[in-house]
Amino acid sequence: DEWFSRGKKLPEDPGADTVDFPKRTTPAKGYELLFQPEVVRIYISLLKESKTPAILEASAGAIQNLCAGSWTYGRCIRSALRQEKGLSAIADLLSHDSERVVKAASGALRNLAVDLRNKELIGKHAIPNLVKNLPGGQQTPAKNLSEDTVVSILNTINEVIVDNLEAAKKLRETQGIEKLVLINKSGNRSEREVRAAALVLQTVWGYKELRKPLEKEGWKKSDFQVNLSNASRTQGGNSFDDSTL
């Protein structure tokens, strides 16, 4: 308890380029071994080198869990992933054939985006792949991802574009608005998906700089408001968002 209470102190600058791991006076042991710098490098190596879906899913899932919340090592690992060029490896997994890998990568990116510098980089490089995984559009072949995965991707997109105008612009440039409105209004998506899509749309509409360009493209304010009346009432096994955030 004492060790964790020390780990929960917030940094002075959450947007710092580097966050150094705390200096140790004794060797790591037990669960502490899971989040030491050398182990984080192993996770990154597995993400870059492994071809096995189960290993990729587990590695991304470990990073997702370790990066959750505001504890000291979570902040250190978010920074270390960026310094070790791990963000692009995780973003690349969004194109994987395995849905479980895609979902794990999405969850990891969502937690990594809590770091302001990561948020900027993920917005530049991962938004197109996140949008490609959303239902609808002209993609061939069309992806048929589960409700849980779609909701995870939508929540990740929202985390990335909050307080990140450039990422919101990238979302618009990659036909993300069309897909989000389709989820919101099509009538064949679940309530969880509609709510998650509406949250992203509301975040986009919150940027006054984007309203005129969007209106020129034919969008109206009503397109960016939640439309639960048409949502399908079929739900998956869980009605909650099982994010680690």
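Tutor: Let's begin with helix H7, residues 116-125: glutamate 120 and arginine 117 both lie in it, three residues apart, which is about one turn of the helix. Keep in mind as we go that this is a predicted model.

Student: What do the side chains of glutamate 120 and arginine 117 form?
Tutor: They meet in a salt bridge, with 3.2 Å from N to O.

Student: And which residue does lysine 124 pair with?
Tutor: Lysine 124 forms a salt bridge with glutamate 120, and their closest N and O atoms are 3.7 Å apart. Those two residues also both lie in helix H7, four residues apart, again about one turn.

Student: Is glutamate 120 buried, exposed or partly exposed?
Tutor: Glutamate 120 counts as partly exposed because its relative accessibility is 35%. Arginine 117 is partly exposed at 27%, and lysine 124 is partly exposed at 45%.

Student: Where do arginine 192 and aspartate 148 sit, and how do their side chains meet?
Tutor: Their side chains meet in a salt bridge, 2.7 Å from N to O. This pair links distant parts of the chain: arginine 192 is in helix H12 (residues 191-205) and aspartate 148 is in helix H9 (residues 147-161), 44 residues apart.

Student: Why does arginine 192 count as buried?
Tutor: Because its relative accessibility is 11%, and the cut-off for buried is under 20%. Aspartate 148, at 24%, counts as partly exposed.

Student: Let's zoom out. How many helices and strands does the chain have?
Tutor: The protein chain has 13 helices and zero strands. Of its 245 residues, 48% count as buried. If you take contacts between residues at least 6 apart in sequence, 74% of them join residues at least 24 apart.

Student: What about the core?
Tutor: The largest nonpolar core has 65 residues, and those with the most contacts inside it are Ile63, Ile90, Leu112, Ile157, Ile161 and Leu171. Beyond its neighbours within four places in sequence, leucine 112 is in contact with several residues, including Ile63, Leu81, Ile90 and Ile122.

Student: Is serine 59 buried or exposed?
Tutor: Serine 59 is buried, because its relative accessible area is 4%. Its place is in helix H3, residues 53-66. Not counting residues up to four places away in sequence, serine 59 touches Tyr43, Leu46 and Leu47.

Student: Which residues form the nonpolar patch on the surface?
Tutor: Ile42, Leu46 and Ile55 form it, with about 230 Å² of accessible area together. Isoleucine 42 lies in helix H2, residues 37-49.

Student: And glutamate 209, where is that?
Tutor: Glutamate 209 is found in helix H13, residues 208-216. At 52% relative accessibility, glutamate 209 counts as exposed. Its C-alpha atom is separated by 9.6 Å from that of lysine 169, 40 residues apart along the chain.

Note on methods:
Residues are numbered from 1 along each chain as its sequence is written. This is a predicted model: local features need pLDDT of at least 70, side-chain atom pairs count only at pLDDT 80 or more; totals for chains, interfaces and linings use all residues. Side-chain values use heavy atoms; hydrogens and water are left out. Patches are made of residues with over 30% relative accessible area and no salt bridge: like charges are joined within 9 Å, nonpolar side chains (Val, Leu, Ile, Met, Phe, Trp, Tyr) within 5 Å. Accessible areas come from the Shrake-Rupley method with a 1.4 Å probe; for residues, only the protein chains shown count as cover. A salt bridge is a side-chain nitrogen of Lys or Arg within 4 Å of a carboxyl oxygen of Asp or Glu. A nonpolar core is a set of buried Ala, Val, Leu, Ile, Met, Phe, Trp, Tyr and Cys residues joined through side-chain atoms within 4.5 Å. Buried means under 20% relative accessible area, exposed over 50%, partly exposed in between (1.4 Å probe, protein chains only). Contact means heavy atoms within 4.5 Å.
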